[in-house]
Amino acid sequence: MSLINFNYLQEKESEIPIITDKILVDLVNSIQVNDDLISFHQKRGLFGQFFDNLTGADRKRQLAIDKNVNISMQSFHSWVLDISNNLNVSNNAIITIEEKLIETRQAIRNQRQDINLLQDIVNQLQYKVEDHEHRILKLEQRVYRTEVQHRIEDAIAAWQSKRTYQGFHWAIQVAFVTREIVDYALGDYERLITKGKDSQLRQSISDRILATDNTIPDCDFPLTNFLNLSYSETSPENQELAGYLLEVESISEQRIAKTPYLFTFGKTLELAKQQPHQDPAKAAFELCRNYPNAWIYPETSKREFVERIVNETANDRLNLITLV
């Protein structure tokens, strides 16, 4: 970038002629001498003037005045010339400065254009980097999702092969395997990646679970009958364990409102374990309906029950992690 050369300006300043002290001294002295001669002439009396005419002193003074006037005029002329030269040099310096300022302005414009071009390049690179990072993130998410799917498949495969949760009624097994899937695969994936907005994995879990038992009818049936059956058809040594694992005694009303089917399920096992009860599921159902915003229906189906258990378990885990 071309900037004003201050050394050049200093050089031009040194070329500006300075009015010499001699010219000013000559001009002032001439004016002062003339003033003295004129004052002396005015103060002379008649006799003095007559004597000056005889001796020629008046003529000499007149000549001296004319000479001083001439010297003053010459000094004044030189002074005017010097001032004129100063003005010319100053004008030239101003023109030079203006040219340098124009060059500087153009250089600044060029530099600004270069900066704008660089900024555009930086923006393009930033966009490409962000796009690259987005692609990498998407790829990582896909890889993570694949890993989660494998974990889900492994958990369901182990359950289907009767290696896990045997000795419990099918409904209790659904609650257990769903909790295993959410705790060790789905929960972290939803918390870190989808924030609970990806419903495909939940639906695939429900579909896989639904395909494991053909004895449960697909039509609607009373929910309380199904829950009582789940307890009575569980082996005695596992009834207490089931009640312990699905314990709902200490959960808050807010969680009950968001997990009414899980609460009713756990409460049924809890009431049946604590004391003999003719219809623990009905008591648990009525207790749940007494809580505000706890929506639960007296009838259900195989698909609805499984989907409720999967969604409530996943949402409950997601909400608990968010609160922590």
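Mentor: α7 and α11 are oblique to each other; angles under 35 degrees count as roughly parallel, over 145 as roughly antiparallel, 65 to 115 as roughly perpendicular and the rest as oblique. This is a predicted model, in which local features need pLDDT of at least 70, side-chain atom pairs count only at pLDDT 80 or more, and totals for chains, interfaces and linings use all residues. Numbering starts from 1 along each chain as its sequence is written, and side-chain values use heavy atoms, without hydrogens and water.

Trainee: At roughly what angle do the axes of α7 and α11 cross?

Mentor: The axes (lines fitted to C-alpha atoms over the stretch in contact, with angles from 0 to 180 degrees between N-to-C directions) cross at roughly 125° and come within 8 Å. Helix α11 covers residues 280-289; helices are DSSP runs of H or I, at least four residues, numbered from the N terminus.

Trainee: Which residues make the contact of α7 with α11?

Mentor: L223, T224, L227 and N228 of α7 meet P280, A281, K282 and F285 of α11, where contact means heavy atoms within 4.5 Å.

Trainee: How do the axes of α7 and α10 cross?

Mentor: Helix α7 (residues 223-232) and helix α10 (residues 260-274) have axes that come within 10 Å and cross at roughly 50°. That angle makes α7 oblique to α10. On the side of α7, the contact is made by L223, L227, N228, S230 and Y231. Helix α10 contributes Y261, T264, F265, T268, L269, A272 and K273.

Methods:
Helix = DSSP H or I, 4+ residues; strand = E, 2+ residues; numbered from the N terminus.
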